[in-house]
Amino acid sequence: MLLTLKTAASAVPTASLAVTACVPDTPEGFLPFGCVHLAPEEAGLFHVKLSEWETARQSPFPAVLILLGGNDWERDFTPWPSPKVFKGGRDFTGGADAYLASLLKDVLPAAEREIQQESGKQPSRRFLAGYSLTGLFALYATYQTSRFDGCVCASGSVWYPGFKDYVFARPVPPQLKGAAFSIGGKEKNTRNAVMAPIEDNMRAIAARLQEAGVAVTFATHPGGHFKDTGARLFTGICRLLGIPEA
């Protein structure tokens, strides 16, 4: 079952969201619900991997995936203001809290309401998944709300100034059950001094969560930050949910 959630798309004034939900046509009344943020360059390969998974098993993916796009990345996914990291880029304006509030107040309830009306499915759990800045947001959001018990942080921008200190200054969220981290093996080789600590920071954060009892997976993939982004995001969701990847 494939639904286009028009109510959710118009519910958030701070972002233009194209929202699609893939609802498994299975008899179970409860399934994991995940909000997956996708950039245009990630969406194609993500859909290919999802389709290949379902074709190989001749069954729907066993989770409801609410796919979101069209955001202002430098605004919606950054936890606090910070200067740009590339010449010609844009400063980060720190709108993650406002975006998360709208996600919780408008988008997620509208999506879940339509899904339940059309399919009868209800969430057994909720998770966030993202790549790069959206991976940063997925992890940050688990510290800001108890609504999500899992996150996929695929090449998440945990180099973000002050973010590692933010994590280590707070207790691990008690509702957080699982986190899937991944990193490109060449990402730490960047000449950008701000972004270079990405792998060290990610490993430190993953270890902290694991020590607190969170089910953590950590994967290193060949290549740099822009290698197979959509596929790696899909893989992270499989690992978070304990589902075979292929």
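Student: In which element is the place of Gly230?

Tutor: Gly230 sits in helix H8. This is a predicted model, in which local features need pLDDT of at least 70, side-chain atom pairs count only at pLDDT 80 or more, and totals for chains, interfaces and linings use all residues. Residues are numbered from 1 along each chain as its sequence is written, and side-chain values use heavy atoms, with hydrogens and water left out.

Student: What makes a stretch a helix or a strand?

Tutor: Both are DSSP runs, numbered from the N terminus: a helix is a run of H or I with at least four residues, and a strand is a run of E with at least two.

Student: Why is Gly230 called buried?

Tutor: Buried means under 20% relative accessible area, exposed means over 50%, and partly exposed lies in between (1.4 Å probe, protein chains only). Gly230 has a relative accessible area of 1%, so it is buried.

Student: Which residues does Gly230 touch, not counting those up to four places away in sequence?

Tutor: Gly230 touches Glu42, Leu45 and Phe46. A contact here means heavy atoms within 4.5 Å.

Student: Why is Leu233 called buried?

Tutor: Leu233, also found in helix H8, has a relative accessible area of 0%, so it is buried. Leaving out residues up to four places away in sequence, Leu233 touches several residues, including Val36, Glu42, Phe46, Tyr131 and Ala154.

Student: How do you know that H8 is mostly covered?

Tutor: Count its residues: 12 of the 13 in H8 are buried. Among them are Arg232, Phe234, Ile237 and Leu241.

Student: How do you know that the span of H8 agrees with the number of its residues?

Tutor: The expected span of a helix is 1.5 Å times one less than its number of residues. The 13 residues of H8 should therefore span 18 Å, and its end C-alpha atoms are 19 Å apart, which agrees. Just after H8, Gly242 takes a positive phi of about 70°.

Student: What about H2: how far should its 18 residues span?

Tutor: Helix H2 (residues 40–57) should span 26 Å, and its end C-alpha atoms are 27 Å apart, which agrees.

Student: Which residues of H2 are buried?

Tutor: They are Glu42, Phe46, Leu50 and Trp53. These cover an arc of only 60° around the axis, so they lie on the same side of H2. The arc is that of the directions from the helix axis to the C-beta atoms. Pro40, Glu41, Thr55 and Ala56 are exposed on the other side of H2.

Student: What covers the buried residues of H2?

Tutor: The cover includes strand S3 (30–37), strand S7 (122–131) and helix H8 (229–241).

Student: Why does Ser51 count as partly exposed?

Tutor: Ser51, found in helix H2, has 39% relative accessibility, so it counts as partly exposed.

Student: What makes H4 and H5 roughly perpendicular?

Tutor: Helix H4 (residues 96–119) and helix H5 (residues 133–144) pack at an angle of about 75°, with their axes 11 Å apart. The axes are lines fitted to C-alpha atoms, for helices over the stretch in contact, and angles run from 0 to 180 degrees between N-to-C directions. Angles under 35 degrees count as roughly parallel, over 145 as roughly antiparallel, 65 to 115 as roughly perpendicular and the rest as oblique. H4 and H5 are therefore roughly perpendicular to each other.

Student: Which residues make the contact?

Tutor: On H4, Ala96, Asp97, Tyr99, Leu100 and Leu103 take part, and on H5, Phe137, Tyr140, Ala141 and Gln144. They divide into 7 nonpolar, 1 polar and 1 charged. Here Ala, Val, Leu, Ile, Met, Phe, Trp, Tyr, Cys and Pro count as nonpolar, Asp, Glu, Lys and Arg as charged, and the others, Gly among them, as polar.

Student: How many residues of H5 are buried?

Tutor: H5 is mostly covered, with 11 of its 12 residues buried.

Student: What is the phi of Ser132?

Tutor: Phi of Ser132 is near 65°, a positive value in a residue other than glycine. Most residues other than glycine have a negative phi. Ser132 lies in the loop between S7 and H5, and at 13% relative accessibility it counts as buried.

Student: Why is Asp228 called partly exposed?

Tutor: Asp228 has a relative accessible area of 40%, so it is partly exposed. Asp228 lies in the loop between strand S10 (215–221) and H8, and its phi is positive, near 55°.
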